[in-house]
Amino acid sequence: MKLATGTTVISNGQLIDGNGGPPVRDGAVVVKDGKITYAGQAKLTPEVPPDARRIDARGGSILPGLVEAHFHPTYFNVAALEDLDIKYPVEYVTLLAAHNAKLALECGYTAARSGGSLFNIDVWLKKAIDSDIAPGPRLASSGREICGVGGLMDWNPDFRKLGMEGLVLLVNGPDEARAAVRKLVKDGVEWVKTYPTGDAAAPDTNDHHTLCMTFEEMHAVVATAHNHGLKVTGHCRATQGIKNALRAGYDAIEHGTFMDDEALELLLKRDVPCVPALQFEYASIVFGPEFGMSQAVIDGHKETLEGGAESARKILKAGGRLGMGGDYGFAWTPHGTYAKELTFFVKHVGLSPMEVLKCATKTGAEIMGRSKEFGTLEAGKLADVLVVDGDVLANIAILEERSKFVAVMQGGEVKAGTCSMP
Ligand SMILES: [Zn+2]
């Protein structure tokens, strides 16, 4: 991705640098050739060339670009999971994914880690974004998702002959798990997404169902992936499944719904980040009936939401790391509403806005393995900056309103926001 040239000064707003400390009330950020050269008090701003571009934060907030830590650009707002594989061909899904990536950037998300991809679209979407062919967040790509035969992602009985080859690699045993990872290695992914446990949403599993993959399969996935420098994450709700993933050497945990003390200890021991994705549960409970969800499924989502919120609070209190990623791309959690996750964590889980913003910026960049490049507003980092007309610490829900964005800056280039309008 190209870096902007020249100097830009962003001022007249509170500076939230992403490290979680108190904001600088009257802050400023100086950007030179796409990188931050100064972030601090406005009155201490170093001298800049007279032709420097100025961005007025209008008394609002200057913060790092947001990082969506569980992004599915290829999920096209489906009401039924099988629609992912049978509704459109790969050609059209690719166009939808490019559209979703552009939307995420416009929503202030300057980076994102994929939580699983249809076909091998993410890898090529990332290339298009990195080559400035398509706008979007800096992407950490994943590929087809690995699941055991008969597990969460293998819910269609064989007589339907649906295939699902665009979405999942179904495995039986460690040898097939190794083969699936090797295929992903050849595909060029960075993250291997797996399904160790069930989910309230799936017809033949539930949120306490552990064995969508065996420990041996999970261990084979991790050993093969790490051997090739890839990272592994997994959909982990059930307690035993979380422990299996942590003992197998997973690099991140998605959801981490039912964490007991032992699971928490395993998580903290290696400082493994967890991405709860809780607004999805809330939206499923509220809007599920409109989409034909049964009461049993909705009750499962309620249990998942309570368990997930409790676990998230425990992790953060114990000094662990949470990423903010919302699993968007379902009919009741459409693309473009990503910041609802942040609001949910403040309003319903009880985190402070500053805690949530740190999770959504610095921790997100750490999960992507790129915290040296972005995630905080500090000299030397890429100028991925979000400038908002409003106090996001007083009302984090402002981040849901794109009309309040003065600038979404990526590598010093203003990619969206009212200041870029003619
Ligand atoms: Zn997901």
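Seven residues make up the buried set of helix H6 in this predicted model: Gly241, Ile242, Lys243, Asn244, Ala245, Leu246 and Ala248. H6 has 10 residues, 7 of them buried, so the helix is largely enclosed by the rest of the structure. Its buried residues pack against helix H5, strand S11 (231-236), strand S12 (252-255) and helix H7 (261-269). A zinc ion is held by His70, His72 and Asp327. The domain assignment gives domain 1 (7-65 + 376-420) and domain 2 (66-338).

**Helix H6 and its partner H5**

- H5 spans residues 215-227 and H6 spans residues 239-248.
- Their axes come within 9 Å and cross at roughly 35°.
- The crossing of H5 and H6 is right-handed.
- H5 brings Phe215, Met218, His219 and Val222 to the contact.
- H6 brings Gly241, Asn244, Ala245, Arg247 and Ala248.
- By class, this contact counts 5 nonpolar, 3 polar and 1 charged residues.
- Among the H6 contact residues, Gly241, Asn244, Ala245 and Ala248 are also buried.
- Just after H6 comes Gly249, with a positive phi of about 100°.

**Helices H10 and H11**

- The axes of H10 and H11 come within 9 Å and cross at roughly 145°.
- H10 passes H11 in a right-handed crossing.
- Leu342, Phe345 and Val346 make the contact from H10.
- Pro353, Val356, Leu357 and Ala360 make it from H11.
- The contact has 7 nonpolar residues, with no polar and no charged ones.

**Zinc site**

- The protein donors are His70 through NE2, His72 through NE2 and Asp327 through OD.
- These donors lie 2.1 Å from the zinc ion.
- Along the chain they follow the spacing H-x1-H-x254-D.
- Both His70 and His72 are buried.

- Gly326 lies in the loop between helix H9 (295-317) and helix H10 (340-349).
- Its relative accessibility is 0%, so Gly326 counts as buried.
- Beyond four places in sequence, Gly326 touches Glu68, His70, Ala277, Phe280 and Glu341.
- One of these, His70, is a zinc donor.
- Gly326 and Lys372 are 46 residues apart along the chain, and their C-alpha atoms are separated by 24 Å.

**Gly364 in helix H11**

- Gly364 sits in helix H11 (residues 353-367).
- Gly364 counts as buried because its relative accessible area is 1%, under the 20% cut-off.
- Outside four places in sequence, Gly364 is in contact with Val67 and Cys359.
- Gly364 and Leu66 are 298 residues apart in sequence.
- In space, the C-alpha atoms of Gly364 and Leu66 are 8.0 Å apart.

**Lys126, a buried lysine**

- Lys126 lies in helix H3 (residues 121-130).
- At 17% relative accessibility, Lys126 counts as buried, since the cut-off is under 20%.
- Setting aside neighbours within four places in sequence, Lys126 is in contact with Leu139, Ser141, Glu190 and Arg370.

- Asp33 has phi near 50°, a positive value in a residue other than glycine.
- Asp33 is in the loop between strand S2 (24-32) and strand S3 (35-41).
- Asp33 is partly exposed, at 37% relative accessibility.
- Arg58 has phi near 55°, also a positive value in a residue other than glycine.
- Arg58 lies in strand S4 (residues 53-64).
- Arg58 is partly exposed, with a relative accessible area of 40%.

**Domain arrangement**

- Domain 1 is assigned in two stretches, 7-65 and 376-420.
- Domain 2 is assigned as 66-338.
- Taken over C-alpha atoms, the centres of domain 1 and domain 2 are separated by 32 Å.
- In the contact between them, 14 residues of domain 1 meet 11 residues of domain 2.

Key
Residues are numbered from 1 along each chain as its sequence is written. This is a predicted model: local features need pLDDT of at least 70, side-chain atom pairs count only at pLDDT 80 or more; totals for chains, interfaces and linings use all residues. Side-chain values use heavy atoms; hydrogens and water are left out. Donors are N, O and S atoms within 2.8 Å of the metal (3.2 Å for Na, K and Ca); water is not among the atoms, so sites may look incomplete. Buried means under 20% relative accessible area, exposed over 50%, partly exposed in between (1.4 Å probe, protein chains only). Axes are lines fitted to C-alpha atoms, for helices over the stretch in contact, and angles run from 0 to 180 degrees between N-to-C directions. Helices (H or I, at least four residues) and strands (E, at least two) are DSSP runs, numbered from the N terminus. A crossing is left-handed if the near helix is turned anticlockwise from the far one by less than a right angle, and right-handed if clockwise. Contact means heavy atoms within 4.5 Å. Ala, Val, Leu, Ile, Met, Phe, Trp, Tyr, Cys and Pro count as nonpolar, Asp, Glu, Lys and Arg as charged, and the others, Gly among them, as polar. Domain bounds come from an automatic or database domain assignment.
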